[in-house]
Amino acid sequence: MRKIIFCNIAWANKYDGSDTQFYNGGSFVKENNDGGEYRNFKKYNDGYLRGYVQATNHTIRPIQFGVQQETSRVEGVLVIWVATPNNESGRRVIGWFENATIYTKPIYDDFKGWFNIKAKSEDCVLLNLRDRYNSIKIPRSVNGGPGMGRSNTWFAKGEKNEQIVSEVIDFIEHYKSNGKTRKMSKYNTNKKIKNKSKKSKATHRRKSKCSGCSFNEQGWCSSSKSWCSHAKKYCKK
């Protein structure tokens, strides 16, 4: 079983300690314009990033990762950071930590202060702002259906959430295989599509529905496994 956790945090720009504005955070963030996540992507001189998410009762339970015994930390976890943009509703993937260590209770050190997630800097990615606005949107669970609930932490368990997890994993792998410096909106121009009929159909869909169509939810196309955020430049409407 793959160990994965989705962590909802406030929307900011750099998450390196320099941000002065936060959006769509919890009550503490609203009242103080600050939060534990404000340095989640700051690289420290020991080569690690330290992240914080406000977990229920300040506890991330090991059993959620399939760990039965009592432990203070769980290693080898894929952490997906999500946040709600300041001008829309719905949580989007903004970055991730791979091979992360999750601490069941927040711990303190002289680098960040309090944190509950730690990973090597080379295993961490923060999408640039433009790509964040067009990344995968994580649905909200309705009546027990697939998606995140009200909690800031979500473990995406069960068959009903398999498609969401699969699309997020594909999204990450596509990003890694196409290079971190290339604009993500242009990834599809470098991806080989063996089935020509599928390529034609996908192109027609982008041309006919423009950017942000209901099919691809304003960005990542789960069918063609590529970005569709700038289809408007092809649109004739």
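**View 1. Cys7 and the cysteine question.** Cys7 is buried, with a relative accessible area of 0% (buried means under 20% relative accessible area, exposed over 50% and partly exposed in between, using a 1.4 Å probe and protein chains only). This is a predicted model, in which local features need pLDDT of at least 70 and side-chain atom pairs count only at pLDDT 80 or more, while totals for chains, interfaces and linings use all residues. Residues are numbered from 1 along each chain as its sequence is written, and side-chain values use heavy atoms, with hydrogens and water left out. Cys124 is buried too, at a relative accessible area of 10%. How many disulfides are there? With a disulfide taken as a pair of cysteine sulfur atoms within 2.5 Å, the count comes to 0.

View 2. Helices (H or I, at least four residues) and strands (E, at least two) are DSSP runs, numbered from the N terminus. In strand β1 (residues 4–8), 5 of the 5 residues are buried, so the strand is largely enclosed by the rest of the structure. In a regular strand the side chains alternate between the two faces of the sheet. Here both faces are covered: Ile5 and Cys7 are buried on one side, and Ile4, Phe6 and Asn8 on the other. Two strands count as paired if DSSP finds at least two bridges between them. β1 runs parallel to strand β3 (residues 73–83) over 5 bridges, and Ile4 stands opposite Leu78 in β3. With strand β8 (residues 153–154), β1 pairs in the antiparallel sense over 2 bridges; there, Cys7 faces Thr153.

**View 3. The largest nonpolar core.** A nonpolar core is a set of buried Ala, Val, Leu, Ile, Met, Phe, Trp, Tyr and Cys residues joined through side-chain atoms within 4.5 Å. The largest one has 29 residues, and Ile5, Phe65, Val79, Trp81, Phe97 and Ile117 have the most contacts inside it. β1, β3, β4 and β5 (113–120) each supply at least two of its residues, with the largest share, 5 residues, coming from β3. Apart from it lies another core, of 21 residues, among them Val125, Leu127, Val165 and Ile172.

View 4. Look for Ala100 in strand β4 (residues 91–109). Is Ala100 buried or exposed? Ala100 is buried, at a relative accessible area of 0%. Contact means heavy atoms within 4.5 Å; leaving aside neighbours within four places in sequence, Ala100 is in contact with residues including Val77, Val79, Ile117 and Ala119. The C-alpha atoms of Ala100 and Lys120 are 7.6 Å apart, although 20 residues separate them along the chain.
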